[in-house]
Structure formats: structure tokens, C-alpha cells
Amino acid sequence: MTATSTLRPVFVETFPTPMEPATLYVSISYRTCGHLCACGCGHEVITPLSPAQWSLTYDGENISLAPSIGNWALPCQAHYWIRRGEVRWSRQYSPAEIADNRDRDRRHLSEAPDQETPSLLARLRDRWRLRRR
């Protein structure tokens, strides 16, 4: 695989297997985005949408995600922004910066108000209802 410079938005209920390169999947129902790492390594990148994690902006054509995507757990450790569908590369973080970033993320998550995430049973029930229509 090769690195990608753009990501095309596709709105889905659930992510396909396998994901297609250069595609940013958005599941509003599950408040999650997913794509293959922009570096081309082939790993899936999942970005939960919430005030304490990522936010999405859709202008009717392209998507921006904030904050940046830091794939610290992947071997590539790719770091980039998604702005209006374009991948904008950021600098590599040092191990100390990665640790600080992870600590900050954990703090934000622990301080965030509980969000009502549908249970697995509720999601399955909703999906079953949609298929029966």
C-alpha cells in the first residue's frame, strides 16, 4: 500500500471488511469514524466521536477531524491531521511526548460527562428493526 493524501467520506451504519484505502467511513449511529492509516501501512484507525475525543466537521463534501490522528500504538506511529478531506502530515512525537499525550487523553476521558452509548443489545434490536422494514 502507498500513503494517501486525501480521504473521501462515506457514511455507513457499520464499517466494511475490509476497509478501502483513501476512504473515511463515518458511522453517525455509533459515533465513530474509521479509515486505513494514511501512511499506507494498512492498519485500521478508529476515531470515536465525542467531546473528549474527536470531533467531525462535514461541509457537505469533505470532512475534517480534530484533533490530529496520532497512531502511537501502531508500528508506523503516523501523525497527521484530516482537514477538508486532505491528509496533512505532522511531526513525529518523541516517546515522552506520546506518554504526555496519552496521559492528557486519559484525563479528558475521565473528566468528560458520561455519554449515553447504546448498549450492544439496543444496537442489535435497532438493526433488526431496520432489516424488517
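In the predicted model, Ser27 stands opposite Thr32 of strand 3. The pair belongs to the contact between strand 2 (residues 23-27) and strand 3, which run antiparallel and are joined by three bridges. The two strands form a hairpin, with four residues between them. Within this turn, Arg31 has a positive phi of about 50°.

Strand 3, residues 32-36, also pairs with strand 4 (residues 44-48). This pairing is again in the antiparallel sense and extends over five bridges. Here Leu36 stands opposite Glu44 of strand 4. Strand 3 is mostly covered, five of its five residues being buried. In a regular strand, side chains alternate between the two faces of the sheet. For strand 3, one side carries Thr32, Gly34 and Leu36, and the other carries Cys33 and His35. Both faces are covered, and the residues named on either side are all buried.

The largest nonpolar core comprises 17 residues. Those with the most contacts inside this core are Leu24, Cys33, Val45, Leu65, Ile69, Tyr80 and Ile82. Two or more residues each are given to the core by strand 2, strand 6 and strand 7. Strand 6 supplies the largest share, three residues. With residues up to four places away in sequence not counted, Ile69 touches Val45, Thr47, Trp54, Ala78, His79, Tyr80 and Ile82.

Asn71 is placed in the loop between strand 6 (63-70) and strand 7 (79-83). Asn71 counts as buried because its relative accessibility is 8%, under the 20% limit. Leaving aside neighbours within four places in sequence, Asn71 is in contact with Cys37, Val45, Gln77, Ala78 and Tyr80. Val45, Ala78 and Tyr80 are also among the residues that Ile69 touches.

Three salt bridges are present in the structure. One of them links Arg88 to Glu86, with the closest N and O atoms 4.0 Å apart. Arg88 is partly exposed, at a relative accessible area of 36%, and Glu86 is likewise partly exposed, at 41% relative accessibility. Another salt bridge is formed by the side chains of Glu97 and Arg91, with an N to O distance of 2.7 Å. Glu97 has a relative accessible area of 27% and is partly exposed. Arg91, at 48% relative accessibility, also counts as partly exposed.

The remaining salt bridge joins the side chains of Arg106 and Asp103, at 3.0 Å from N to O. Both residues lie in helix 1 (residues 95-111). They are three residues apart, about one turn of the helix. Arg106 counts as exposed because its relative accessibility of 51% is over 50%. Asp103, at 38% relative accessibility, counts as partly exposed.

Definitions and conventions: Residues numbered from 1 in each chain as written. Predicted model: local features only at pLDDT ≥ 70, side-chain atom pairs only at ≥ 80, totals over all residues. Heavy atoms only, no water. Buried < 20%, exposed > 50% of the residue type's maximum accessible area, 1.4 Å probe, protein only. Pairing = 2+ DSSP bridges. Contact = heavy atoms within 4.5 Å. Core = buried A, V, L, I, M, F, W, Y, C linked by side-chain atoms within 4.5 Å.
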